[in-house]
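Thank you all for making the time this morning. I would like to walk slowly through one model, so please have the sequence and the structure open as I speak.

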Amino acid sequence: MRIIVGVSGASGVEMSYYLLKALKSIENCEVHLILSQGAKTTWKLESNIPVEELLKLADCVHDEHNLAACISSGSFVTDGMIIMPCSMKTLAGIATGYADNLTVRAADVCMKEGRKVVLVPREMPFGKVHIRNMKEASDLGCVIVPPVLTFYNGARTLEDQICHIVGKVLLQFGIDYDKFVPWTGAGEEC
């Protein structure tokens, strides 16, 4: 399996650390990481984990300005891409096909090749243009997984919430995540 992970400058960059840890635990999963300059700035503001710890979890780290990177071509076969978190700027680029950086170009390539693209948009509240862009991205084949709090699974900590979101994202690729607690129903036996 080969997955591209884009980390944009939206709030919630530390979610990507949990995502990469989960992907790293999968045998034969190759991770290509793009960390935007905005993500690096947000990382310093939001996380106590050194960004180098995130970078160590990737098999290959690409410069966001390198539009000639292997992942910028459809001939470099991947299973798809996850952008977590996905800034509204990145979302707008994807929705309009304005690929001015490697993150948007890699998403564009995945979409044109019919590969899975999962976006974890981070903004609150969503403005009308954000909702329009999410609808457009969804119409183009992207899966939108906003990092919404979940209570039905007994999550008690921030880490529990992040693991639930990571689990929902990984389900899009058919990947089971041991820290994901799915809904099993209430008052029924299956």
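Let me begin with a question: is W183 buried or exposed? W183 is exposed, with a relative accessible area of 51%, where exposed means over 50%, buried means under 20% and partly exposed lies in between, for a 1.4 Å probe and protein chains only.

Before going further, a word on where these values come from. This is a predicted model, in which local features need pLDDT of at least 70 and side-chain atom pairs count only at pLDDT 80 or more, while totals for chains, interfaces and linings use all residues. Residues are numbered from 1 along each chain as its sequence is written, and side-chain values use heavy atoms, with hydrogens and water left out.

Now to the aromatic rings. A pair of aromatic rings is described by the distance of the centres and the angle of the planes. Rings of Phe, Tyr and Trp (its six-membered ring) pair if their centres lie within 6.5 Å, and planes under 30 degrees apart count as stacked, over 60 as edge-to-face and the rest as tilted. A search of the whole structure finds 2 such aromatic pairs. Another edge-to-face pair is formed by Y152 and W183, with 5.5 Å between the centres and 85 degrees between the planes. Y152 lies in the loop between β6 (143–144) and α7 (158–171), and W183 in the segment after α7, so this pair ties together parts that are 31 residues apart in sequence; helices here are DSSP runs (H or I, at least four residues), strands likewise (E, at least two), and both are numbered from the N terminus. Y152, at 40% relative accessibility, counts as partly exposed.

A ring can also take part with a charge. The charged end of R2 sits over the ring of F76, 4.0 Å from its centre, the criterion being that NZ of Lys or CZ of Arg is within 6 Å of the ring centre and within 35 degrees of the ring normal.

Let me turn to the helices. Helix α1 (residues 14–24) packs on α7 at an angle of about 55 degrees, with the axes 9 Å apart; axes are lines fitted to C-alpha atoms, for helices over the stretch in contact, and angles run from 0 to 180 degrees between N-to-C directions. That makes α1 oblique to α7, since angles under 35 degrees count as roughly parallel, over 145 as roughly antiparallel, 65 to 115 as roughly perpendicular and the rest as oblique. On the α1 side, M15, Y18, L19, A22 and L23 meet residues of α7 that include E159, I162 and C163, where contact means heavy atoms within 4.5 Å. Also in α7 is Q161, which is buried at 8% relative accessible area and, leaving aside neighbours within four places in sequence, is in contact with V148, L149, T150, F151 and A155.

The axes of helix α4 (residues 88–96) and helix α5 (residues 102–112) come within 9 Å and cross at roughly 40 degrees, and α4 and α5 are therefore oblique to each other. Here T90, G93 and I94 in α4 meet T103, V104, A107 and M111 in α5. What lies over the buried residues of α4? The cover includes β4 (80–86), α5, β5 (116–121) and α6 (128–139). T103, in α5, is buried at 4% relative accessibility, and its contacts beyond four places in sequence are G6, I34, M81, I83 and T90.

I will finish with the backbone. Most residues other than glycine have a negative phi, and most peptide bonds are trans. A cis peptide bond, however, joins M84 and P85, with omega about -5 degrees, and P85 has its place in strand β4. The bond from M124 to P125 is cis too, with omega near -10 degrees, and P125 is found in the loop between β5 and α6. Finally, N28, a residue other than glycine, has a positive phi near 60 degrees; N28 lies in the loop between α1 and β2 (30–35) and is exposed, at 63% relative accessible area.
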